Amino acid sequence: MKLDSKAMRHLIADDWRVLTAVEMGSKNHEIVPTPLIEKLSRLRGGASGVHRSISNLAKIGLISRVKEAKYDGYRLSYGGLDYLALHTYASRKEVYSVGNRIGVGKESDIMIVADDSGTQRVLKIHRLGRISFRTVKANRDYLKKRQGGSWMYLSRLAAMKEYAFMQALHEEGFPVPNPLAQSRHTIVMSLIDGFPLRQISSIPDPAGLYAELIALLLRLAKHGLIHGDFNEFNIMIKEEKVDSSGAADGESTTTGDHGDSEAVRLVPVIIDFPQMVSMDHQNAEMYFDRDVNCIKRFFERRFQFISTEKGPYFKDAKKSVGKDGARRIDAALEASGFTKKMAKDLEAAIREQNASKGNEGQGDEGSGDDDSEEDEEYEEGSDRGSNPDEEIREQGGLGDPLSEKDKGVEI
Ligand code: ADP
Ligand code: MG
């Protein structure tokens, strides 16, 4: 599903009130009865104004009439929820225009947006429940259970969790995007001027980057966290010029010549946090090992690099939790108002979603191919199928994300 914000500017204040009323009604009603929409929107023009707005909103797909219901009613669509989030950002001056979609993750859309000074940002729209509607096979029960408003609830949880972790990680100085705003099932963050590791065919110093990534995993663990999807799609690599004094931060540098004899350092930035788990999680060891192995496997296949060091091992990482005064970030989520029940609901949904795809969360859209298994998939130039990179290349995105050929659609 693609966000098309063009119709936004044609909506009048009454339409927004009615759309907001449908959203409010959705909290307790799977299908919001028309009289309730009338009551919640409290338009001055009365029922006829409401009906006019309802028909406007339905025409552009923000709400949809549900015919088989016992009563007359409407359901908010993903498009409707997208518009409400954008409307909130616009009124808070956090987003001014919406540009291209640069990525389609397994359960999200990633859009370039801009604030009113033209600074580009990234809008991530969570779309839990999307895959299950597509891969109907073996998914009937899931579909039944999850129909109605709960995709909205789950996508909202994913955005809340991701935002809370991005904030906490950012505060702790982890290399993550800058969290800028959150509304409903979406978040706004800074644009990383780089490429997913997945798109990078060779690097000058695989050992250096590998060590840095493992160090990041261990640093997360020290703060009580496991990423849970630490793979080549969720590690962005940006280039930083190394000034003549060298890398002042003293960390391992991955430098190389880029033709014009300017040394650059490849800096990893971690993204994608809805599935993060605590080091105290009952399956923590499995998640930790999976993250470690993901990196090992990728470095071996892509760069023919195999570390001489064994591990790292969960039991050692576990001992490091909270050491040297490291703040436990896994506790930050509950502090942000995310309840245990919310965490459980979201975890179950993510697990079901991954299972429905038949893999363990490699960032593709569920295309049914045996993507995660095959070696040839990792060979240069053979990345076929519907994966996020394809989308980025097609749109000429990220190659030069800051040269704004498209100013985007004002909202
Ligand atoms: P999903 O949860 O669907 O996997 P991600 O957060 O991993 O979503 O984002 C999907 C893709 O979008 C990433 O692989 C990356 O290419 C791009 N992307 C996401 N966030 C940013 C960002 N802040 N800056 C630049 N690109 C991004
Ligand atoms: Mg991802």
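User: Which residues are closest to ligand 1 in this predicted model?
Analyst: The closest are Ser-108, Lys-124, Ile-192, Asn-234 and Asp-272. They belong to a group of 20 residues that surround ligand 1.

User: Why are Glu-172 and Arg-327 called a salt bridge?
Analyst: Their side chains meet at 3.1 Å, N to O. A salt bridge needs a Lys or Arg side-chain nitrogen within 4 Å of an Asp or Glu carboxyl oxygen, so this pair counts. The pair ties together parts that are 155 residues apart in sequence.

User: How do you know whether Glu-212 is buried or exposed?
Analyst: Its relative accessible area is 8%. Buried means under 20%, so Glu-212 is buried. Glu-212 forms a salt bridge with Arg-265. Arg-265 has 6% relative accessibility, so Arg-265 counts as buried too.

User: Why is Lys-340 called exposed, while Glu-334 is called partly exposed?
Analyst: Lys-340 has a relative accessible area of 61%. Glu-334 has 47% relative accessibility. That value lies between the 20% and 50% cut-offs, so Glu-334 is partly exposed. These two residues form a salt bridge, with the closest N and O atoms 3.6 Å apart.

How values were computed: Residues are numbered from 1 along each chain as its sequence is written. Chains are lettered from A and ligands numbered from 1 in the order in which they are written. This is a predicted model: local features need pLDDT of at least 70, side-chain atom pairs count only at pLDDT 80 or more; totals for chains, interfaces and linings use all residues. Side-chain values use heavy atoms; hydrogens and water are left out. A residue is near a molecule or strand if one of its heavy atoms lies within 4 Å of it. Helices (H or I, at least four residues) and strands (E, at least two) are DSSP runs, numbered from the N terminus. Buried means under 20% relative accessible area, exposed over 50%, partly exposed in between (1.4 Å probe, protein chains only).
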